[in-house]
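Here's a quick briefing for anyone opening this one up for the first time. Have a look at the model, then read on.

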Amino acid sequence: MADKKWKGTTYGNSLMHHWLIKLLKVIDIRFVYIFTYIFVIPPCLLRPGFKPIYHYFRERWGYGPVKAFLKTYQNHCLFSMYAGKHFKVEIEGFEHFQHLTRQASAFVQLSSHIGNYEMAGYTLTSYDKPLNALVFYGEKQTIMENRMDMFANKNIRMIPVKNDMSHLFLIDHALQQGEIVSMPADRIFGSPKYVITQLLGAEVKLPLGPFSVATMRGLNVLAVNVMKSSTKSYKIYVTPLDYDKQAPRKQQICQLAHGYAAELERMLTMYPAQWYNYFDFWKS
């Protein structure tokens, strides 16, 4: 059973990824999506990732079996719709991002595995401050190289999370330089430490690291979520997360975690089908 579990990387080999990227530049993306919906998504529903999403709709939203199944299919379809020639992007709360990029001090930007956060890298950019994005080191090399090429002119650097913990020094250096550090705050990886909060009516464990990094220096924090609003458009939500910087640090961490979970829940209330944690999140 262990071999059937998700490994944390995109499926396929380097040659497949290379030619897929080339094809997406010239082919009409609508034909790709039609093919995907008919021939690719149904077999994906037989993989281990189906049950957690089905249970998400059944238990967190109270859908019946048929509606939960259809929503699970929709979820997989939406997850595949990441490519295209041009997208219309609307930003809500852009002034919060602009204000912090003009300040001398660093700030933390929290992401999650909902919507398509990677789209923020093409739109929500600043040439006043470099953005350092914490990424999973185990991703396929082709995917990593393509991301670095795409972000090369966007003042974005990627910090891979490694077992030797070298990413912690890179994060610390970036914050000392007054830069932006972007971290996913909905999955525990690297360190086993966590903070408990509530999400969609049930208890969840969020990684302690992102909230600890912010409170250690009393930094401002933004939650950034990029949600697909239609076939050819996205909406970016930039939301400041307030916390009492004079409170005991443990209390600051809890306040940030609760505020982040509340923002995550707000997004999921508007876009319930765009939840992309393909494991049992509430029982992990």
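Glu-59 is partly exposed, with a relative accessible area of 47%; buried here means under 20%, exposed over 50% and partly exposed in between, using a 1.4 Å probe and counting protein chains only as cover. It pairs with Arg-60 in a salt bridge whose closest N and O atoms are 4.0 Å apart. A salt bridge is counted when a side-chain nitrogen of Lys or Arg lies within 4 Å of a carboxyl oxygen of Asp or Glu.

Keep in mind that this is a predicted model, where local features need pLDDT of at least 70, side-chain atom pairs count only at pLDDT 80 or more, and totals for chains, interfaces and linings use all residues. Residues are numbered from 1 along each chain as its sequence is written, and side-chain values use heavy atoms, with hydrogens and water left out.

**More on the salt bridges**

- The count of salt bridges comes to 6.
- Side chains of opposite charge can pair when their charged atoms come close.
- Glu-92 and Lys-235 form one of them, with their closest N and O atoms 3.2 Å apart. Glu-92 sits in strand β1 and Lys-235 in strand β9, so this pair ties together parts that are 143 residues apart in sequence.
- Arg-157 belongs to strand β4 and Glu-179 to the loop between α8 (166-176) and β5, so the pair links parts 22 residues apart in sequence.
- Arg-157 is partly exposed at 41% relative accessibility, whereas Glu-179 is buried at 9%.
- Shared partners join Glu-90, Glu-92 and Lys-235 into one salt-bridge network.

**The whole protein**

- The protein has 10 helices and 9 strands. These are DSSP runs numbered from the N terminus: helices are H or I with at least four residues, strands are E with at least two.
- There are 284 residues, and 46% of them count as buried.
- The accessible surface is about 15,400 Å², with 59% of it belonging to carbon and sulfur atoms. Areas like this come from the Shrake-Rupley method with a 1.4 Å probe, and for residues only the protein chains shown count as cover.
- Among contacts with a separation of 6 or more, 74% are between residues 24 or more positions apart. A contact means heavy atoms within 4.5 Å.

**The sheet**

- 7 strands make an open sheet with mixed pairing, in the order β1-β9-β8-β2-β5-β3-β4. Two strands pair if DSSP finds at least two bridges between them.
- At the edges stand β1 (88-92) and β4 (156-161), each with a single partner strand, so one side of each has no neighbour in the sheet.
- From one strand to the next, the twist averages 25 degrees.
- Strands β8 (residues 220-230) and β9 (residues 233-240) are antiparallel and share 8 bridges. Asn-225 is opposite Tyr-237 in β9.
- Strand β3 (residues 131-136) is mostly covered, with 5 of its 6 residues buried.
- β3 runs parallel to β4 over 6 bridges, and Asn-132 has Arg-157 in β4 as its bridge partner.
- β3 is also parallel to β5, joined by 3 bridges; Leu-131 has Ile-180 in β5 as its bridge partner.

**Helices on the sheet**

- Helix α10 (residues 249-270) lies across β1, β2, β8 and β9, at about 10 degrees to β8. Axes are lines fitted to C-alpha atoms, for helices over the stretch in contact, and angles run from 0 to 180 degrees between N-to-C directions.
- In helix α9, the buried residues include Phe-211, Val-213 and Ala-214.
- Just after α9, Gly-218 takes a positive phi of about 65 degrees.

**A nonpolar patch**

- Phe-31, Ile-34 and Ile-38 make a nonpolar surface patch of about 330 Å². Patches use residues with over 30% relative accessible area and no salt bridge, joining like charges within 9 Å and nonpolar side chains (Val, Leu, Ile, Met, Phe, Trp, Tyr) within 5 Å.
- Ile-38 is in helix α2 (residues 29-44) and is exposed, with a relative accessible area of 51%.
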